[in-house]
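Hi,

Here is the structure I said I would pass on.

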Amino acid sequence: MGSLPAPAWEHAVVTGGAGFVGSHLCSALLAAGTAVTCVDDFSTGLAGNVAELGDHPGFTLQEADVSQPFTVRRRPDLVLHLASPASPADYLRLPLHTLDAGSLGTRNALDLAHHSGARFLLASTSEVYGDPREHPQNERYWGHVNPVGPRSVYDEAKRFGEALTTAHGSTRGTDTCVVRLFNTYGPRMRGYDGRAVPTFIRQALAGEPLTVTGDGLQTRSLCYVDDTVAGILAAAAHGMSGPVNIGNPSELTMLDLARWIIELTGSASRIAFVERPTDDPALRCPDITLARDKLQWEPLVAAEEGLRRTIAWFRAHPDG
Ligand code: NAD
């Protein structure tokens with residue numbers, strides 16, 4: 001885990017806290033001395049992700065859909081809004097739920113922060129850049145998104161969430177921040193969530209072909225989850241409103257990623273090329289100059305180390 005800010009908050013609400021990133025965020029906050037209320041509807045998250053936090057006196061798990069108005073028992077001084085399906089397999093299965101979480105859910109979480117006098121942080125995404133025409137992407141780039149394509153339910157929900165967050169800040173004075181997370185990987189990803197790292201690891205460990213889409217030359221920049229969590233907390237601790245990119249600028253092709261995972265798992269799997277999804281971005285790489293300058297944050301976990309830790313977790317959780 002990278003260096004965390006001092007325990008700046010007494011009580012944080014983490015929406016989507018039972019998900020992949022959210023559960024690591026809950027753990028990091030508790031470790032830093034902040035009480036946490038995790039609000040989750042388990043639409044894509046798992047109770048098992050936060051099971052080990054259940055005995056912590058500072059941890060509360062509240063089952064609720066944030067797209068419906070919700071309250072929490074104790075006033076928070078920080079609201080981290082992560083609740084949203086995030087993997088393409090999930091948001092294509094749950095399109096209206098995804099649009100609701102990005103719109104109504106963001107509005108409800110913003111209202112909670114405003115009425116509590118809490119700082120609010122939206123976990124937005126690099127998907128707001130769509131299939132980018134600028135590379136790498138910095139925060140001044142407006143993006144290239146198909147508003148009616150299959151991915152639009154996620155991309156446009158997040159873009160709307162950013163607009164809502166910005167408007168809440170400017171018209172109501174809510175203390176807001178937008179972070180744009182790039183591809184994050186690590187323990188607790190679901191093997192069937194459709195994202196490249198868990199899919200390839202699951203396939204490699206099962207001795208199945210690794211399904212690389214298209215020619216595999218499309219790139220992604222993979223950030224280990226501990227680094228992403230440290231970036232989110234650094235942005236929350238800083239007074240900035242963002243948007244700020246949080247990601248790892250070291251870029252690799254999906255074909256190289258598949259080959260690497262075969263090597264690290266010692267698998268005999270081969271690579272199988274399959275059809276590339278519609279509107280799948282060709283290039284994705286964050287410019288993190290802003291995060292480096294303002295937050296003194298940058299990723300610390302090298303890809304090989306992060307992949308080794310993730311593979312070890314998948315070996316220990318074959319049903320994961
Ligand atoms: P995830 O699916 O593992 O977690 C999302 C969590 O939100 C789940 O626990 C789910 O049950 C919960 N949720 C969904 N809709 C909800 C609702 N209406 N009410 C309450 N809870 C709800 O996904 P993740 O990868 O952990 O992503 C977390 C957040 O980070 C998302 O907002 C996502 O857009 C953002 N993000 C993630 C990545 C990444 O690479 N993981 C990249 C960019 C942005």
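**Helix packing and cysteines**

Helix 7 and helix 9 cross in a right-handed sense. Bear in mind that this is a predicted model.

To find the pair, go to residues 254-265 for helix 7 and residues 303-316 for helix 9; the two pack at an angle of about 60°, and their axes are 11 Å apart. Angles from 65 to 115 degrees would count as roughly perpendicular and those under 35 as roughly parallel, so helix 7 is oblique to helix 9.

Which residues make the contact? On the helix 7 side they are L257, W260, I261, L264 and T265. Helix 9 contributes A303, E304, L307, R308, I311 and R315. Sorted by type, the residues of this contact come out as seven nonpolar, one polar and three charged.

Now to the cysteines. How many disulfides are there? The count is zero. A pair of sulfurs would have to lie within 2.5 Å to qualify. C223 is in no disulfide, and the nearest cysteine sulfur to its own, that of C285, is 11 Å away. Seen from the other end, C285 is in no disulfide either, with the sulfur of C223 as its nearest cysteine sulfur at 11 Å.

Are these two buried or exposed? C223 has 0% relative accessibility, so it counts as buried. C285 is at 6%, and because the cut-off for buried is under 20%, C285 counts as buried too.

Cheers

Conventions
Residues numbered from 1 in each chain as written. Predicted model: local features only at pLDDT ≥ 70, side-chain atom pairs only at ≥ 80, totals over all residues. Heavy atoms only, no water. Buried < 20%, exposed > 50% of the residue type's maximum accessible area, 1.4 Å probe, protein only. Axes fitted to C-alpha atoms, helices over the stretch in contact; angles between N-to-C directions. Helix = DSSP H or I, 4+ residues; strand = E, 2+ residues; numbered from the N terminus. Parallel < 35°, antiparallel > 145°, perpendicular 65-115°, else oblique. Left-handed = near helix turned anticlockwise from the far one by under 90°. Contact = heavy atoms within 4.5 Å. Nonpolar A, V, L, I, M, F, W, Y, C, P; charged D, E, K, R; others polar.
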